[in-house]
Amino acid sequence: MATLQNTAAQNAGTSEILLEVDSLRTEFATDDGVVAAVAGVSFGVPRGRTVALVGESGSGKSVTGYSILRLVQPPGRIAGGRIRLHSARLGEIDITALRENDPLLYKLRGGLVSMIFQEPMTALSPVHSVGAQICESILLHQERDKSAARAQAVAMMEKVGIPEAARRFDHYPHELSGGMRQRIVIAMALVCRPELLIADEPTTALDVTIQAQVLGLIRALQREIGCSVLMVTHDFGVVAQMADDVVVMKHGRIVEQGPVRTVLKNPQHAYTRALLDALPSRRHHAT
Ligand SMILES: Nc1ncnc2c1ncn2[C@@H]1O[C@H](COP(=O)(O)OP(=O)(O)O)[C@@H](O)[C@H]1O
Ligand SMILES: [Mg+2]
């Protein structure tokens, strides 16, 4: 089986890996003992490409995403392995070796790497306008005065398809539809042009009709910015639509990985086949 590193090398002619996750182990201490939510996971995300992390609920996808941003909170901890970002802007960063108060961590979070979180309610503050929240992200990572940040935020709102963006700047999250709110979250995540976007189930909470639009938006912005995407999902439909490579996770381990075309055509593992069988189109063919 080709590794993602090999795949990227074949495609780019050189090993253009942006993110390297090597034997990552992330544990939680519980009353029943230590649970390895991520139990030795290795994969790479090539520059400019999309890797999907797919698996059923509880397989360790979100914890992998949190680990990359060093957002795992006690009783959880990264217990082993290494995560490295080969940043075009800041050079090689050994994320797992950074101290909790290292200034690089703050440049990493929301600057070099941004994340769209799975829980839609935690992504936006209910007490600040959506425009102010996009500005906060700009002011944190770029040297701008307030009026320049506001102009940049409005331009970004237009770019993610918010009609009457200048007027909606002052709206609060509850005044927008779910689809519009997710567009704001995407604007916040991409306004600082990260090198990697981690999108954790970015469309799961949305109506089916809106899902395709939001995925299309992420793809269009990815192309424009040139960033890589780690797409976390339980849905092989999303994988097929979005990803170049796929990493299939089960119980904190990788059961299969490779180019999406190869895995879709010839899944090696029964678990992967079961995930594929959950696709409506496949179900249709099977009957
Ligand atoms: N805060 C926590 N405390 C204890 N265990 C946790 C915690 N968060 C996650 N886990 C464990 O990690 C596993 C994987 O969680 P998660 O990465 O959120 O799964 P996924 O995103 O694939 O649905 C869970 O099944 C659970 O056993
Ligand atoms: Mg999750």
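This is a predicted model: local features need pLDDT of at least 70, side-chain atom pairs count only at pLDDT 80 or more; totals for chains, interfaces and linings use all residues.

User: How does strand 6 pair with strand 7, parallel or antiparallel?

Analyst: Strand 6 and strand 7 (residues 196-200) are parallel, with 4 bridges between them. To pick out one spot, S114 has L197 in strand 7 as its bridge partner.

User: Nice. Switching topic: which residues come nearest to ligand 1?

Analyst: There are 13 residues around ligand 1, and A37, G58, K61, S62 and V63 come nearest. By type, the shell holds 4 nonpolar, 8 polar and 1 charged.

User: Which element gives the most to that shell?

Analyst: That's helix 2, with 3 residues. Strand 1 (17-30), strand 2 (33-46) and helix 2 (61-68) each supply at least two residues of the shell.

User: OK, helices now. How do helix 8 and helix 9 cross?

Analyst: Helix 8 (residues 178-190) and helix 9 (residues 208-225) have axes that come within 11 Å and cross at roughly 15°. That angle makes helix 8 roughly parallel to helix 9. The crossing of helix 8 past helix 9 is right-handed.

User: Which residues meet there?

Analyst: From helix 8, G179, Q182, R183, I186 and L190 meet I210, V214, L217, I218, L221 and I225 of helix 9. In this contact 8 residues are nonpolar, 2 polar and 1 charged.

User: You had another helix pair. At what angle do helix 5 and helix 6 pack?

Analyst: Helix 5 (residues 130-141) and helix 6 (residues 146-159) pack at about 115°, and their axes are 9 Å apart. Helix 5 passes helix 6 in a right-handed crossing too.

User: And who touches whom in that one?

Analyst: On the helix 5 side you'll find G131, I134, C135, I138 and L139. They meet A149, R150, Q152, A153, M156 and M157 in helix 6. The residues of this contact split into 8 nonpolar, 2 polar and 1 charged.

User: Thanks, that helps a lot!

Notes. Residues are numbered from 1 along each chain as its sequence is written. Chains are lettered from A and ligands numbered from 1 in the order in which they are written. Axes are lines fitted to C-alpha atoms, for helices over the stretch in contact, and angles run from 0 to 180 degrees between N-to-C directions. Angles under 35 degrees count as roughly parallel, over 145 as roughly antiparallel, 65 to 115 as roughly perpendicular and the rest as oblique. A crossing is left-handed if the near helix is turned anticlockwise from the far one by less than a right angle, and right-handed if clockwise. Two residues are in contact if their C-beta atoms, placed from the backbone, lie within 7 Å. Ala, Val, Leu, Ile, Met, Phe, Trp, Tyr, Cys and Pro count as nonpolar, Asp, Glu, Lys and Arg as charged, and the others, Gly among them, as polar. Two strands pair if DSSP finds at least two bridges between them. A residue is near a molecule or strand if its C-beta atom, placed from the backbone, lies within 6 Å of it.
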